[in-house]
Amino acid sequence: MGALAIWLFRYRFFLWLIFLESIGAWITFSEQAYHRSRLNQWQIETAGSYQSMIHRATRFWRMDDENLRLNQELALLRQMISDSLGVADSLQKTNTTEPWPDTTLRVDLIQSARVLYAGTNAQHNYLLLDKGSLDGIQPRMAVVQGHKIVGQVQAVSPRFARVIPLINTKLRTSALHTASQTTGSLVWTGGSTRYAELMDFPIHIPIKVGDSLVSSTYSSVYPPGLRLGRIDRIETVPGAITYKIRVMLSVDYHRLDHVQVMRPTFQKEREELLPDQN
Amino acid sequence: MNRSPWILLITVVLLQGGVFNRIHWMGLINPMVYVMALVWLPLGWNLALQMLVAFGIGWWVDSSLQSGAIHAMVSTLVIYLRSYWIRLTVSPVTLQDHPDPDLRDLEFRSLLSYAGGLIFIHHAALYLLESLRLAHWGYALLKAFASSTLVFGLLWSILQWTNQTKSAR
């Protein structure tokens, strides 16, 4: 105790300096938007560099898994090419000059990115990608893994991007029940990262376990038709007008390594028409 | 040293808010004359009190510039460093005779390294903190050099003028 008192007395002026500087920094970062944004960018950059380092160090040990995943992705891409050729073929057959039947299906930028960090044990989880504004990534872009929705870009620094995944309690995603063409809201309420809840789904609509949910046209962030998950459990609450539905998410956030970032072609034009939500 | 810093302090702080904050010559010269009051503060005061006064002066300038508290942070840092800086820049003989030397009694070389150095440190830290980008350090240092040269020139002129007034009496 005596030694501590001596130490405190000896460094009292330095501690006083730290105290005053901390007050100054707190005032500056809370009042100045520029400094706050620089701090935010610095946090993203630091976290990105750190996770990048960890990733490089552990990459070697994950080669087997990685090869398997790449093979699966290759198969998926071949399937996608095949599907799109089929559509083009059918368009030719009908002699139409329309480039694509539904403009909401077109996407502008598809950028492949590596997941440097995937938080799964908090309420407000986030992911960190190794691509940023220098690669064309911007906030409110969709992040997908093949046909499966991962989340949306929240903030970017020049070299990194922070993503809000579906497993973040702040995110609410419009989901379309394909069998009935009815929409509800997909919300993660915490707990297991494999399951989320489908809210506001009316009780008079027929629904069964195993039905699939995809992104709806209501979302300006995600192209419609991307997979969100499958219905895993249905409960009816006495007196309630909506079901209590548990959804098994398509994406396994514990095995997330590579993702694609995309933006619907007319996203900006579409969002300009929406009322300001700030 | 038996001197009261209050007149200079109030004058330069008011001048800073009213006049010098508006000066931005060629995007390089934006003199912070209030640092003269910091250099002028008596070393005999308790260091904690000096730092508190410096923080207050800086914050006053910040409130007129709407700059958060960056001037307060830099001013506090300069005052903290001053007690070490003087031992590096002023001869030990002078310090033995006058532990709190009057700036007017310092020879030009000591004045330049002591006061000029502190003024430059203040401006450099301020502009680096203001831009908060390592990529801009070159421009920040150039700006600090230009502005601190002007402030040091002003300080030196004031000291010359007060010396002449003293000898005229």
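How many helices and strands does the secondary structure of chain A come to? The legends below start from that question and describe a predicted model.

Figure 1. The secondary structure of chain A comes to five helices and 12 strands. Chain A has 278 residues, and buried residues make up 27% of them. Of the contacts in chain A between residues at least 6 apart in sequence, 60% join residues at least 24 apart.

**Figure 2. Confidence along chain A.** The mean pLDDT of chain A is 82, with 85% of its residues at 70 or more. Within chain A, strand 5 (residues 161-165) has the highest confidence, at 94, and helix 4 (residues 63-93) has the lowest, at a mean of 61. The pLDDT is below 50 over residues 86-103 of chain A. Beyond near neighbours in sequence, this stretch has five contacts in the model. Where pLDDT is low, the predicted coordinates should not be read in detail.

Figure 3. Is A:Gly119 buried or exposed, or does it count as something in between? A:Gly119 has 15 C-beta neighbours inside 10 Å; a residue needs 20 or more to be buried and 12 or fewer to be exposed, so A:Gly119 counts as partly exposed. Leaving aside residues up to four places away in sequence, A:Gly119 touches A:Asn125 and A:Tyr126. A:Pro165 is 46 residues away from A:Gly119 along the chain, and the C-alpha atoms of the two are separated by 9.2 Å.

**Figure 4. The contact of chain A with chain B.** Chain A puts 13 residues into the contact, and chain B puts in 13 residues. On the side of chain A that touches chain B, the elements giving two or more residues are helix 2 (12-31) and helix 3 (33-59) of chain A. Helix 2 of chain A gives the most to this side, with 10 residues. By class, the side of chain A that touches chain B consists of six nonpolar, four polar and three charged residues. The scores of the model are ipTM 0.82 and pTM 0.55.

**Figure 5. Overview of chain B.** Chain B has seven helices and zero strands, and from the N terminus on its elements run α-α-α-α-α-α-α. Of the 169 residues in chain B, 37% are buried. Among contacts in chain B between residues at least 6 apart in sequence, 66% join residues at least 24 apart. The pLDDT of chain B averages 86, and 96% of the residues score at least 70.

**Figure 6. Packing of helix 4 (residues 70-89) and helix 6 (residues 108-131) of chain B.** The axes of the two helices are 9 Å apart, and the packing angle is about 150°. Angles over 145 degrees count as roughly antiparallel, and helix 4 of chain B and helix 6 of chain B are therefore roughly antiparallel to each other. Helix 4 of chain B makes a right-handed crossing with helix 6 of chain B. Residues of helix 4 of chain B in this contact include B:Met73, B:Leu77, B:Leu81 and B:Trp85, while those of helix 6 of chain B include B:Tyr114, B:Leu118, B:Ile121 and B:Leu129. By class, the contact of helix 4 of chain B with helix 6 of chain B has 14 nonpolar, six polar and two charged residues.

**Figure 7. Packing of helix 1 (residues 6-18) and helix 3 of chain B.** The axes of helix 1 of chain B and helix 3 of chain B cross at roughly 20° and come within 9 Å. Angles under 35 degrees count as roughly parallel, and helix 1 of chain B and helix 3 of chain B are therefore roughly parallel to each other. Helix 1 of chain B passes helix 3 of chain B in a crossing that is right-handed. From helix 1 of chain B, the contact is made by B:Val13, B:Gln16 and B:Gly17; from helix 3 of chain B, by B:Ile57, B:Trp60, B:Val61 and B:Ser64. By class, the contact of helix 1 of chain B with helix 3 of chain B has four nonpolar, three polar and no charged residues.

**Figure 8. B:Ser63 in helix 3 (residues 47-65) of chain B.** B:Ser63 counts as partly exposed because it has 14 C-beta neighbours inside 10 Å. B:Ser63 and B:Gly17 are 9.3 Å apart in space, C-alpha to C-alpha, and 46 residues apart in sequence. B:Gly17 is also one of the residues of helix 1 of chain B that make the contact with helix 3 of chain B.

Terms used. Residues numbered from 1 in each chain as written. Chains lettered and ligands numbered in written order. Predicted model: local features only at pLDDT ≥ 70, side-chain atom pairs only at ≥ 80, totals over all residues. Contact = placed C-beta atoms within 7 Å. Helix = DSSP H or I, 4+ residues; strand = E, 2+ residues; numbered from the N terminus. Nonpolar A, V, L, I, M, F, W, Y, C, P; charged D, E, K, R; others polar. Axes fitted to C-alpha atoms, helices over the stretch in contact; angles between N-to-C directions. Parallel < 35°, antiparallel > 145°, perpendicular 65-115°, else oblique. Left-handed = near helix turned anticlockwise from the far one by under 90°. pLDDT = per-residue confidence, 0-100.
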